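Visitor: I am new to this structure. Please take me through one part of it closely, the packing of its helices and core.

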Amino acid sequence: MYNVLYKADRLREKNHFPEALKLYRRAAKEFRQVDELSGLFESLMGMAHCYRMMGRYEKAIECYRAATDIARELNDYTGYHDANMGLGLSLRGMGLWKEALGHFRASLRYYKKKDDREGIAFALWSIAGAYRYKGDPLKAIELLKEALRLIRRSGDLIAKGYILNALGGSSRVAGLVRKSLKYYTEANEIFRNERDTFGLAYSYCGVGNAHRMLGNYREASGYFKKALKLYDRIGDIVSSAYTLWSLGQAYLMTGNLSKAKEYLESANRYFRKTHDHRGQTYYYLGAAQYYIMLNKKTTAKSLLSRAIRLSEDKGFSLEHSHSLCLYNHINGKVVSRDWYKKKGLKIEFQGIPFNIP
(Lines give C-alpha, C1' and ligand atoms only; values in the text may rest on other atoms or scores of the structure.)
Protein backbone atom coordinates (compact mmCIF):
# COMPACT_ATOMS: atom_id res chain seq x y z
CA MET A 1 0.00 0.00 0.00
CA TYR A 2 2.79 2.41 0.89
CA ASN A 3 4.45 1.54 -2.41
CA VAL A 4 1.35 2.85 -4.24
CA LEU A 5 1.46 5.99 -2.10
CA TYR A 6 5.14 6.49 -2.94
CA LYS A 7 4.43 6.22 -6.68
CA ALA A 8 1.57 8.71 -6.35
CA ASP A 9 3.82 11.18 -4.54
CA ARG A 10 6.46 10.94 -7.27
CA LEU A 11 3.85 11.59 -9.96
CA ARG A 12 2.43 14.58 -8.07
CA GLU A 13 5.93 16.03 -7.62
CA LYS A 14 6.26 15.90 -11.41
CA ASN A 15 2.89 17.71 -11.75
CA HIS A 16 1.14 14.62 -13.20
CA PHE A 17 -1.98 15.29 -11.15
CA PRO A 18 -4.65 13.10 -12.87
CA GLU A 19 -2.36 10.05 -12.81
CA ALA A 20 -1.33 10.68 -9.20
CA LEU A 21 -4.96 11.11 -8.15
CA LYS A 22 -5.87 7.62 -9.39
CA LEU A 23 -3.14 6.07 -7.26
CA TYR A 24 -4.02 8.14 -4.18
CA ARG A 25 -7.63 6.95 -4.47
CA ARG A 26 -6.47 3.35 -4.72
CA ALA A 27 -4.19 3.76 -1.72
CA ALA A 28 -6.94 5.43 0.35
CA LYS A 29 -9.32 2.56 -0.37
CA GLU A 30 -6.75 -0.01 0.74
CA PHE A 31 -5.77 1.90 3.89
CA ARG A 32 -9.45 2.23 4.86
CA GLN A 33 -9.94 -1.53 4.57
CA VAL A 34 -7.22 -2.23 7.14
CA ASP A 35 -7.92 0.85 9.27
CA GLU A 36 -4.41 2.27 8.70
CA LEU A 37 -5.00 5.90 9.66
CA SER A 38 -1.52 7.29 8.96
CA GLY A 39 -1.57 5.95 5.42
CA LEU A 40 -5.14 7.13 4.93
CA PHE A 41 -4.16 10.63 6.08
CA GLU A 42 -1.31 10.78 3.55
CA SER A 43 -3.58 9.47 0.79
CA LEU A 44 -6.30 12.03 1.53
CA MET A 45 -3.73 14.84 1.58
CA GLY A 46 -2.38 13.72 -1.78
CA MET A 47 -5.88 13.54 -3.24
CA ALA A 48 -6.69 16.99 -1.87
CA HIS A 49 -3.51 18.53 -3.33
CA CYS A 50 -4.29 17.05 -6.75
CA TYR A 51 -7.91 18.19 -6.69
CA ARG A 52 -6.81 21.69 -5.70
CA MET A 53 -4.21 21.95 -8.44
CA MET A 54 -6.80 20.73 -10.96
CA GLY A 55 -9.28 23.41 -9.85
CA ARG A 56 -11.69 20.95 -8.26
CA TYR A 57 -11.88 22.99 -5.08
CA GLU A 58 -15.01 21.46 -3.56
CA LYS A 59 -13.52 17.95 -3.75
CA ALA A 60 -10.24 19.29 -2.37
CA ILE A 61 -12.04 20.86 0.60
CA GLU A 62 -13.84 17.58 1.27
CA CYS A 63 -10.54 15.67 1.36
CA TYR A 64 -8.68 18.28 3.45
CA ARG A 65 -11.50 18.27 6.01
CA ALA A 66 -11.41 14.47 6.20
CA ALA A 67 -7.63 14.71 6.68
CA THR A 68 -8.01 17.19 9.58
CA ASP A 69 -10.40 14.76 11.29
CA ILE A 70 -7.89 11.94 11.02
CA ALA A 71 -5.03 14.18 12.19
CA ARG A 72 -7.03 15.02 15.33
CA GLU A 73 -7.62 11.31 15.95
CA LEU A 74 -3.86 10.70 15.60
CA ASN A 75 -2.95 13.77 17.72
CA ASP A 76 -0.86 14.85 14.73
CA TYR A 77 -0.89 18.63 15.16
CA THR A 78 1.55 19.31 12.32
CA GLY A 79 -0.53 17.16 9.97
CA TYR A 80 -3.67 18.96 11.10
CA HIS A 81 -2.23 22.37 10.27
CA ASP A 82 -0.82 21.20 6.94
CA ALA A 83 -4.33 20.06 5.99
CA ASN A 84 -5.78 23.28 7.39
CA MET A 85 -3.48 25.32 5.14
CA GLY A 86 -4.61 23.31 2.12
CA LEU A 87 -8.21 23.97 3.09
CA GLY A 88 -7.45 27.69 3.22
CA LEU A 89 -5.76 27.61 -0.18
CA SER A 90 -8.80 25.90 -1.70
CA LEU A 91 -11.11 28.56 -0.26
CA ARG A 92 -8.77 31.28 -1.51
CA GLY A 93 -8.78 29.70 -4.96
CA MET A 94 -12.56 30.14 -5.02
CA GLY A 95 -12.08 33.81 -4.10
CA LEU A 96 -13.27 33.28 -0.51
CA TRP A 97 -10.32 35.17 0.93
CA LYS A 98 -11.97 36.13 4.23
CA GLU A 99 -12.66 32.50 5.15
CA ALA A 100 -9.18 31.50 3.95
CA LEU A 101 -7.49 34.08 6.18
CA GLY A 102 -8.97 32.47 9.31
CA HIS A 103 -7.39 29.13 8.43
CA PHE A 104 -4.02 30.67 7.51
CA ARG A 105 -3.75 32.73 10.70
CA ALA A 106 -4.56 29.76 12.92
CA SER A 107 -1.79 27.72 11.31
CA LEU A 108 0.66 30.64 11.36
CA ARG A 109 0.28 30.79 15.15
CA TYR A 110 1.08 27.07 15.35
CA TYR A 111 4.15 27.34 13.07
CA LYS A 112 5.45 30.26 15.14
CA LYS A 113 5.10 28.24 18.36
CA LYS A 114 7.08 25.42 16.73
CA ASP A 115 9.63 27.91 15.32
CA ASP A 116 9.02 26.27 11.93
CA ARG A 117 10.55 28.82 9.55
CA GLU A 118 9.42 27.06 6.39
CA GLY A 119 5.91 26.74 7.80
CA ILE A 120 5.91 30.42 8.77
CA ALA A 121 7.09 31.43 5.28
CA PHE A 122 4.40 29.26 3.67
CA ALA A 123 1.70 30.78 5.87
CA LEU A 124 2.91 34.31 5.12
CA TRP A 125 2.87 33.53 1.38
CA SER A 126 -0.68 32.21 1.72
CA ILE A 127 -1.87 35.20 3.77
CA ALA A 128 -0.28 37.57 1.25
CA GLY A 129 -2.33 35.98 -1.51
CA ALA A 130 -5.50 36.56 0.50
CA TYR A 131 -4.56 40.24 0.94
CA ARG A 132 -4.01 40.53 -2.79
CA TYR A 133 -7.52 39.14 -3.36
CA LYS A 134 -8.80 41.61 -0.76
CA GLY A 135 -7.33 44.43 -2.85
CA ASP A 136 -4.37 45.33 -0.62
CA PRO A 137 -1.31 44.41 -2.73
CA LEU A 138 1.08 46.61 -0.73
CA LYS A 139 0.30 44.60 2.43
CA ALA A 140 0.81 41.45 0.37
CA ILE A 141 4.23 42.71 -0.77
CA GLU A 142 5.23 43.44 2.82
CA LEU A 143 4.32 39.89 3.93
CA LEU A 144 6.02 38.31 0.92
CA LYS A 145 9.28 40.15 1.59
CA GLU A 146 9.21 38.80 5.13
CA ALA A 147 8.60 35.28 3.77
CA LEU A 148 11.48 35.74 1.31
CA ARG A 149 13.88 36.67 4.12
CA LEU A 150 12.92 33.51 6.02
CA ILE A 151 13.16 31.17 3.06
CA ARG A 152 16.53 32.50 1.88
CA ARG A 153 18.07 31.16 5.10
CA SER A 154 16.72 27.67 4.39
CA GLY A 155 18.07 27.59 0.83
CA ASP A 156 14.78 26.22 -0.57
CA LEU A 157 14.96 27.45 -4.17
CA ILE A 158 11.50 26.20 -5.18
CA ALA A 159 9.86 28.03 -2.27
CA LYS A 160 11.89 31.13 -3.14
CA GLY A 161 10.65 30.92 -6.72
CA TYR A 162 7.00 30.80 -5.66
CA ILE A 163 7.45 33.77 -3.35
CA LEU A 164 9.09 35.71 -6.20
CA ASN A 165 6.15 34.81 -8.46
CA ALA A 166 3.75 36.12 -5.82
CA LEU A 167 5.81 39.30 -5.46
CA GLY A 168 5.59 39.72 -9.22
CA GLY A 169 1.81 39.44 -9.18
CA SER A 170 1.27 41.74 -6.21
CA SER A 171 3.67 44.31 -7.67
CA ARG A 172 1.84 44.30 -11.01
CA VAL A 173 -1.61 44.88 -9.53
CA ALA A 174 -0.11 47.68 -7.41
CA GLY A 175 1.09 49.33 -10.62
CA LEU A 176 4.79 48.56 -9.98
CA VAL A 177 5.28 46.96 -13.37
CA ARG A 178 9.09 47.14 -13.68
CA LYS A 179 9.48 45.48 -10.28
CA SER A 180 6.94 42.86 -11.33
CA LEU A 181 8.99 42.00 -14.42
CA LYS A 182 12.15 41.75 -12.29
CA TYR A 183 10.56 39.35 -9.79
CA TYR A 184 8.98 37.14 -12.44
CA THR A 185 12.19 36.99 -14.48
CA GLU A 186 14.17 35.88 -11.41
CA ALA A 187 11.53 33.25 -10.64
CA ASN A 188 11.60 32.05 -14.24
CA GLU A 189 15.33 31.42 -14.04
CA ILE A 190 14.93 29.39 -10.83
CA PHE A 191 12.14 27.24 -12.24
CA ARG A 192 13.96 26.57 -15.50
CA ASN A 193 17.02 25.42 -13.57
CA GLU A 194 14.95 23.34 -11.14
CA ARG A 195 12.69 21.96 -13.92
CA ASP A 196 9.50 22.81 -12.02
CA THR A 197 6.77 22.80 -14.66
CA PHE A 198 4.05 24.58 -12.69
CA GLY A 199 6.37 27.28 -11.36
CA LEU A 200 7.81 27.81 -14.82
CA ALA A 201 4.36 28.20 -16.37
CA TYR A 202 3.36 30.60 -13.59
CA SER A 203 6.44 32.73 -14.24
CA TYR A 204 5.88 32.72 -18.02
CA CYS A 205 2.37 34.05 -17.47
CA GLY A 206 3.71 36.67 -15.05
CA VAL A 207 6.43 37.84 -17.44
CA GLY A 208 3.76 38.03 -20.14
CA ASN A 209 1.50 40.17 -17.98
CA ALA A 210 4.35 42.54 -17.12
CA HIS A 211 5.05 42.97 -20.84
CA ARG A 212 1.33 43.50 -21.47
CA MET A 213 1.30 46.33 -18.95
CA LEU A 214 4.36 47.84 -20.65
CA GLY A 215 2.58 47.77 -24.01
CA ASN A 216 4.70 44.95 -25.45
CA TYR A 217 1.67 42.96 -26.61
CA ARG A 218 3.31 40.64 -29.13
CA GLU A 219 5.99 39.64 -26.63
CA ALA A 220 3.33 39.22 -23.94
CA SER A 221 1.27 36.88 -26.13
CA GLY A 222 4.32 34.70 -26.75
CA TYR A 223 4.85 34.20 -23.02
CA PHE A 224 1.15 33.51 -22.43
CA LYS A 225 1.17 30.79 -25.07
CA LYS A 226 4.26 29.19 -23.50
CA ALA A 227 2.46 29.17 -20.16
CA LEU A 228 -0.70 27.64 -21.67
CA LYS A 229 1.25 24.75 -23.21
CA LEU A 230 2.69 23.85 -19.82
CA TYR A 231 -0.61 24.28 -17.96
CA ASP A 232 -2.33 22.05 -20.53
CA ARG A 233 0.36 19.43 -20.00
CA ILE A 234 -0.34 19.24 -16.26
CA GLY A 235 -4.10 19.74 -16.47
CA ASP A 236 -4.19 23.02 -14.54
CA ILE A 237 -7.35 24.80 -15.66
CA VAL A 238 -7.24 27.31 -12.77
CA SER A 239 -4.06 28.98 -13.99
CA SER A 240 -5.01 28.42 -17.64
CA ALA A 241 -8.14 30.49 -17.04
CA TYR A 242 -6.18 33.58 -15.95
CA THR A 243 -3.67 33.10 -18.78
CA LEU A 244 -6.49 32.92 -21.32
CA TRP A 245 -8.01 36.06 -19.81
CA SER A 246 -4.64 37.83 -20.10
CA LEU A 247 -4.38 36.83 -23.75
CA GLY A 248 -7.88 38.15 -24.31
CA GLN A 249 -6.92 41.42 -22.65
CA ALA A 250 -3.79 41.71 -24.83
CA TYR A 251 -5.91 41.24 -27.97
CA LEU A 252 -8.35 43.88 -26.71
CA MET A 253 -5.46 46.31 -26.39
CA THR A 254 -4.42 45.70 -30.02
CA GLY A 255 -8.01 45.89 -31.32
CA ASN A 256 -8.22 42.25 -32.41
CA LEU A 257 -11.75 41.81 -31.08
CA SER A 258 -12.52 38.37 -32.52
CA LYS A 259 -9.42 36.88 -30.85
CA ALA A 260 -10.14 38.80 -27.66
CA LYS A 261 -13.67 37.37 -27.47
CA GLU A 262 -12.43 33.85 -28.17
CA TYR A 263 -9.93 33.89 -25.30
CA LEU A 264 -12.20 35.70 -22.84
CA GLU A 265 -14.97 33.14 -23.40
CA SER A 266 -12.51 30.26 -22.97
CA ALA A 267 -11.34 31.80 -19.70
CA ASN A 268 -14.92 32.19 -18.52
CA ARG A 269 -15.70 28.51 -19.10
CA TYR A 270 -12.86 27.61 -16.74
CA PHE A 271 -13.81 30.29 -14.18
CA ARG A 272 -17.31 28.84 -14.05
CA LYS A 273 -16.05 25.28 -13.84
CA THR A 274 -13.79 26.08 -10.87
CA HIS A 275 -16.34 28.37 -9.15
CA ASP A 276 -13.77 31.18 -9.18
CA HIS A 277 -15.68 34.33 -8.22
CA ARG A 278 -12.69 36.63 -8.67
CA GLY A 279 -12.03 35.20 -12.11
CA GLN A 280 -15.69 35.74 -12.97
CA THR A 281 -15.27 39.42 -12.09
CA TYR A 282 -12.31 39.68 -14.44
CA TYR A 283 -14.34 38.06 -17.20
CA TYR A 284 -17.10 40.66 -16.79
CA LEU A 285 -14.49 43.45 -16.95
CA GLY A 286 -12.93 42.05 -20.11
CA ALA A 287 -16.19 41.20 -21.85
CA ALA A 288 -17.65 44.62 -21.02
CA GLN A 289 -14.75 46.30 -22.80
CA TYR A 290 -15.25 44.04 -25.81
CA TYR A 291 -18.87 45.23 -26.09
CA ILE A 292 -17.93 48.86 -25.49
CA MET A 293 -15.51 48.63 -28.42
CA LEU A 294 -18.40 47.29 -30.52
CA ASN A 295 -20.47 50.28 -29.33
CA LYS A 296 -22.89 47.96 -27.52
CA LYS A 297 -23.02 49.98 -24.32
CA THR A 298 -26.21 48.44 -22.94
CA THR A 299 -24.63 44.98 -22.88
CA ALA A 300 -21.42 46.43 -21.46
CA LYS A 301 -23.28 48.20 -18.65
CA SER A 302 -25.11 45.01 -17.76
CA LEU A 303 -21.81 43.12 -17.47
CA LEU A 304 -20.23 45.90 -15.43
CA SER A 305 -23.21 45.95 -13.08
CA ARG A 306 -22.58 42.25 -12.46
CA ALA A 307 -18.88 42.94 -11.87
CA ILE A 308 -19.71 45.72 -9.39
CA ARG A 309 -22.17 43.53 -7.45
CA LEU A 310 -19.96 40.44 -7.39
CA SER A 311 -16.76 42.28 -6.41
CA GLU A 312 -18.62 44.13 -3.65
CA ASP A 313 -20.26 40.96 -2.36
CA LYS A 314 -16.97 39.01 -2.23
CA GLY A 315 -14.86 41.91 -0.96
CA PHE A 316 -12.58 42.26 -4.01
CA SER A 317 -11.96 45.96 -3.46
CA LEU A 318 -9.39 46.40 -6.26
CA GLU A 319 -11.60 44.74 -8.87
CA HIS A 320 -14.57 46.67 -7.48
CA SER A 321 -12.72 49.93 -8.09
CA HIS A 322 -11.80 48.84 -11.66
CA SER A 323 -15.47 48.04 -12.30
CA LEU A 324 -16.69 51.40 -10.99
CA CYS A 325 -14.03 53.31 -12.95
CA LEU A 326 -14.99 51.61 -16.18
CA TYR A 327 -18.72 52.04 -15.53
CA ASN A 328 -18.28 55.76 -14.78
CA HIS A 329 -16.07 56.21 -17.83
CA ILE A 330 -18.65 54.86 -20.29
CA ASN A 331 -21.33 57.01 -18.63
CA GLY A 332 -19.26 60.13 -19.31
CA LYS A 333 -18.46 60.75 -15.65
CA VAL A 334 -15.09 61.91 -14.36
CA VAL A 335 -13.05 58.83 -13.41
CA SER A 336 -11.58 59.44 -9.97
CA ARG A 337 -8.23 57.92 -8.99
CA ASP A 338 -8.72 58.81 -5.32
CA TRP A 339 -9.20 55.21 -4.18
CA TYR A 340 -6.00 54.08 -5.91
CA LYS A 341 -4.04 57.04 -4.52
CA LYS A 342 -5.35 56.43 -1.00
CA LYS A 343 -4.11 52.83 -1.23
CA GLY A 344 -0.73 53.96 -2.60
CA LEU A 345 -1.28 52.22 -5.94
CA LYS A 346 0.20 53.53 -9.17
CA ILE A 347 -2.77 52.79 -11.42
CA GLU A 348 -4.16 55.09 -14.08
CA PHE A 349 -6.32 54.14 -17.03
CA GLN A 350 -5.98 56.00 -20.32
CA GLY A 351 -9.35 55.39 -21.95
CA ILE A 352 -10.97 52.36 -23.59
CA PRO A 353 -9.67 49.73 -23.51
CA PHE A 354 -8.44 49.87 -19.91
CA ASN A 355 -5.24 47.84 -19.57
CA ILE A 356 -6.29 46.12 -16.35
CA PRO A 357 -3.26 44.92 -14.35
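Guide: Contact here means heavy atoms within 4.5 Å. Keep in mind that this is a predicted model. Start with L167. Setting aside neighbours within four places in sequence, L167 is in contact with I141, L144, K145, L148 and Y183. L167 also belongs to the largest nonpolar core, which has 125 residues. Together with M47 and I163, L167 touches the most other members of that core. A second, separate core has five residues, including V177, L181, Y184 and V207.

Now turn to a helix pair. Helix α7 covers residues 117-134, and helix α8 covers residues 137-154. Their axes lie 8 Å apart, at an angle of about 160 degrees. Angles over 145 degrees count as roughly antiparallel, so α7 and α8 are roughly antiparallel to each other. They cross in a left-handed way. On the α7 side, the contact includes L124, W125 and Y131. On the α8 side, L143, L144 and L150 are among the residues involved. By class, this contact has 14 nonpolar, one polar and six charged residues.

Look next at α1, residues 2-13, and α2, residues 17-33. Their axes come within 8 Å and cross at roughly 160 degrees. These two helices are therefore roughly antiparallel to each other. α1 passes α2 in a left-handed crossing. From α1, the contact takes in Y2, V4 and L5, among others. From α2, the residues include F17, L23 and F31. The contact of α1 with α2 divides into eleven nonpolar, no polar and five charged residues.

Note on methods. Residues numbered from 1 in each chain as written. Predicted model: local features only at pLDDT ≥ 70, side-chain atom pairs only at ≥ 80, totals over all residues. Heavy atoms only, no water. Core = buried A, V, L, I, M, F, W, Y, C linked by side-chain atoms within 4.5 Å. Buried < 20%, exposed > 50% of the residue type's maximum accessible area, 1.4 Å probe, protein only. Axes fitted to C-alpha atoms, helices over the stretch in contact; angles between N-to-C directions. Helix = DSSP H or I, 4+ residues; strand = E, 2+ residues; numbered from the N terminus. Parallel < 35°, antiparallel > 145°, perpendicular 65-115°, else oblique. Left-handed = near helix turned anticlockwise from the far one by under 90°. Nonpolar A, V, L, I, M, F, W, Y, C, P; charged D, E, K, R; others polar.
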